[in-house]
Amino acid sequence: MSIQTIDDLPTPSLILDRAILCRNLKRMSDRLRSAGVILRPHLKTAKSVQVGRMAVEGHDGRITVSTLAEARYFAGGGFKDILYGVGIVPAKLPAISELRRQGINLRVVTDNLAVAAAIAAAARDGDTFSVFIEIDSGAGRAGLPFPELPGLLDIARVLHAAPGIDLAGVMTHAGHSYHQSTPDGIAAVAEQERRAIVGAAERLRAAGIPCPIVSGGSTPTAMHSRDFSGITEMRPGVYVFNDLDQEFIGSCGAGDLALSVLASVIGHYPHRNQLLIDAVAL
């Protein structure tokens, strides 16, 4: 029986170092557990039920996805508490309801009063929903801007008053942490993230509206936050494999990159100091 080596693989091939993967998963899991924060990994990077199961080991199994296709895939793999972490549009509510009727607690996100009203209307027709209100903690992509939080209480009241709706809490994605290049810079963004979602939760609770889940996100802030007070869960994703961006900003080291691509050199051009490789799979 011949032994296959890396030279026997066709190129391009995806190479996963399982030992590094396991080390990355354990590092994040241990860090958040010691901080008293639940891990809800964002599996849009892994796109693997097997990796997802490894990631949530020792936690309660909740995960995050970015598409309905991912939600269906992970639901089929046995995951029951799934946050669809992209602002929901009313046209997708029937698909959300279909999965929820199958026993999947598929949760949705909004920062919009009209969408909240549409969710409430669908709930009045007999469907159930679990909804997060998204907060912009500085990334400038989506969410109600902190500290103003315009419309927060209006959205929350519409959702909280509707039958069949669980107002799950507030969430944010500190995507601007990727623009930092030092641990101190990332820690500052992490504190900005924490203040935004904890502040939003406090505003809801002061108005008599429950806010059980306070959800932060991003691998850099999960790794470099110095204070998780008030946060109940974190949603890092890239940490499972890591990449050169994470190494550059200090979220991981060179030995923490679990994923690479094996490619063959198909051209050598000394006059340009360049190599040409076959790194695209069709």
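Modeller: Arg 33 forms a salt bridge with Asp 30, and their closest N and O atoms are 3.3 Å apart. A salt bridge here is a side-chain nitrogen of Lys or Arg within 4 Å of a carboxyl oxygen of Asp or Glu. Both residues belong to helix α1 (residues 18-34), where they are three residues apart, so about one helical turn separates them. Helices (H or I, at least four residues) and strands (E, at least two) are DSSP runs, numbered from the N terminus. Arg 33 is partly exposed, with a relative accessible area of 41%, and Asp 30 is also partly exposed, at 32%. On this scale, buried means under 20% relative accessible area, exposed means over 50%, and partly exposed is in between (1.4 Å probe, protein chains only).

Before going on, note that this is a predicted model: local features need pLDDT of at least 70, side-chain atom pairs count only at pLDDT 80 or more, and totals for chains, interfaces and linings use all residues. Residues are numbered from 1 along each chain as its sequence is written, and side-chain values use heavy atoms, with hydrogens and water left out.

Across the whole structure, the search finds 16 salt bridges. Another of them joins Arg 62 to Asp 60, with the closest N and O atoms 2.7 Å apart. Arg 62 is buried, with a relative accessible area of 11%, whereas Asp 60 is partly exposed, at 47%. Arg 62 also forms a salt bridge with Glu 233, where the closest N and O atoms are 2.7 Å apart. Glu 233 lies in strand β10 (residues 233-235) and Arg 62 in the loop between α2 (49-55) and β3 (63-65), so this pair ties together parts that are 171 residues apart in sequence. Glu 233 is buried, at 0% relative accessibility. Through shared partners, salt bridges join Arg 40, Asp 60, Arg 62, Asp 81, Arg 107, Asp 166 and Glu 233 into one network.

Next come the aromatic rings. Rings of Phe, Tyr and Trp (its six-membered ring) pair if their centres lie within 6.5 Å; planes under 30 degrees apart count as stacked, over 60 as edge-to-face and the rest as tilted. By this rule there are two aromatic pairs. Tyr 73 and Phe 74 make an edge-to-face pair, 4.8 Å centre to centre with 75° between the planes. Tyr 73 is partly exposed, at 40% relative accessibility, while Phe 74 is buried, at 0%. Phe 74 also pairs edge-to-face with Phe 79, at 5.7 Å centre to centre and 80° between the planes. Both Phe 74 and Phe 79 are buried. The ring pairs link Tyr 73, Phe 74 and Phe 79 into a cluster.
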